[in-house]
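Welcome, and please open your viewer for a short walk through one protein. At each stop you will be told what to select and what to look for.

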Amino acid sequence: MTQGRFIALEGGEGVGKSTQGRMLAEALRTRGLDVVTTREPGGTLGAEAIRAMLLSTEGEGWGARAEALLFAAARADHVEKLIRPALVRGAWVVCDRFVDSSRAYQGGGGGLSDAEVLDLHRIGSEGLLPDLTILLTVRPEVSAQRLALRDGGTGDRIESRGAAYHSRVAEAFRSFATQNPDRFAVIDAEGSPDEVHARVMTSLAGLLA
Ligand SMILES: Nc1ncnc2c1ncn2[C@@H]1O[C@H](COP(=O)(O)OP(=O)(O)OP(=O)(O)O)[C@@H](O)[C@H]1O
Ligand SMILES: Cc1cn([C@H]2C[C@H](O)[C@@H](COP(=O)(O)O)O2)c(=O)[nH]c1=O
């Protein structure tokens, strides 16, 4: 059995994570690998139900701590029921967002400390980390244009938070990548999908060797 690998795609809103996740999964399948694509929050029935509660624009929303707990609970279910079993059977897991989104959004954006977010992750998911976290970066005006073309700029509850919030999120992602260069690959996600995909594949060379 080949060794399972866990790849997370991270970054702000509309940078191209889903697009690159699909392209990466296809490229890995072409190499004969068993690939599971999934997303956060979500990926299991329970986690998708929590996703709906978190991202719906109806109701009064959640405080910062309740929000962080809900993301951690969704992740715990996802890790236990989908991610760990896939890795154990030797599959590659390509996940659209993982714990670094909680660190960036609930931590950097929402004000929880990084230690608090990591504590929730330790309790919920036994601290599981991806083998590689691919951080896609584009200038804010580029992601805004992509989102406007995709859905007319109508965002979910978190996407619709203001520019200052999303700028703190982007800064947090940058700082995690600087602090953990072995775990992160920072990819310039401007240019065509094929150009970005080529950069993503280069970042995976070590794991595919
Ligand atoms: N390299 C690219 N150049 C131009 N448009 C792109 C590129 N990559 C993705 N897009 C388009 O930009 C939009 C956002 O892309 P995508 O949904 O993959 O981003 P995302 O990061 O997953 O978004 P979200 O944060 O909402 O989950 C889509 O309409 C997609 O087709
Ligand atoms: C995993 C995770 C996600 N979020 C936020 C980031 C986005 O605004 C939404 C997810 O929507 P997407 O279109 O699927 O990217 O949720 C977060 O705040 N914290 C997290 O841990």
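**Stop 1: around ligand 2**

Select ligand 2 and the 13 residues around it: E40, S101, S102, Y105 and I158 come nearest. Here a residue is near a molecule or strand if its C-beta atom, placed from the backbone, lies within 6 Å of it. What you see is a predicted model, in which local features need pLDDT of at least 70 and side-chain atom pairs count only at pLDDT 80 or more, while totals for chains, interfaces and linings use all residues. Residues are numbered from 1 along each chain as its sequence is written, and chains are lettered from A and ligands numbered from 1 in the order in which they are written.

Now colour helix 4 (residues 99-109), which gives the most to this shell, with 4 residues. Helices (H or I, at least four residues) and strands (E, at least two) are DSSP runs, numbered from the N terminus.

**Stop 2: around ligand 1**

Move to ligand 1, which 13 residues surround, the closest being G16, S18, T19, R146 and R150. Helix 1 (17-30), helix 6 (140-151) and helix 8 (193-203) are the elements that give two or more residues to this shell.

**Stop 3: the binding-site stretch**

Which residues does UniProt place under "binding site"? Its unreviewed entry lists G11, G12, E13, G14, V15, G16, K17 and S18. UniProt positions are given in the numbering used here, feature names are shortened, and annotations may be inferred rather than shown by experiment.

Pick out E13, in the loop between strand 1 and helix 1. Is E13 buried or partly exposed? E13 counts as partly exposed because it has 19 C-beta neighbours inside 10 Å. Next select K17, in helix 1; K17 is buried, with 23 other C-beta atoms within 10 Å. The rule is that a residue is buried if 20 or more other C-beta atoms lie within 10 Å of its own, exposed if 12 or fewer, and partly exposed in between, with C-beta atoms placed from the backbone.

**Stop 4**

Finally, show the strands: 5 of them form an open sheet in the order 2-3-1-4-5, with parallel pairing. Two strands pair if DSSP finds at least two bridges between them. At the edges, strand 2 (35-39) and strand 5 (184-188) each pair on one side only. Zoom in on strand 1 (residues 5-10) and strand 4 (residues 132-137), which run parallel and are joined by 4 bridges.
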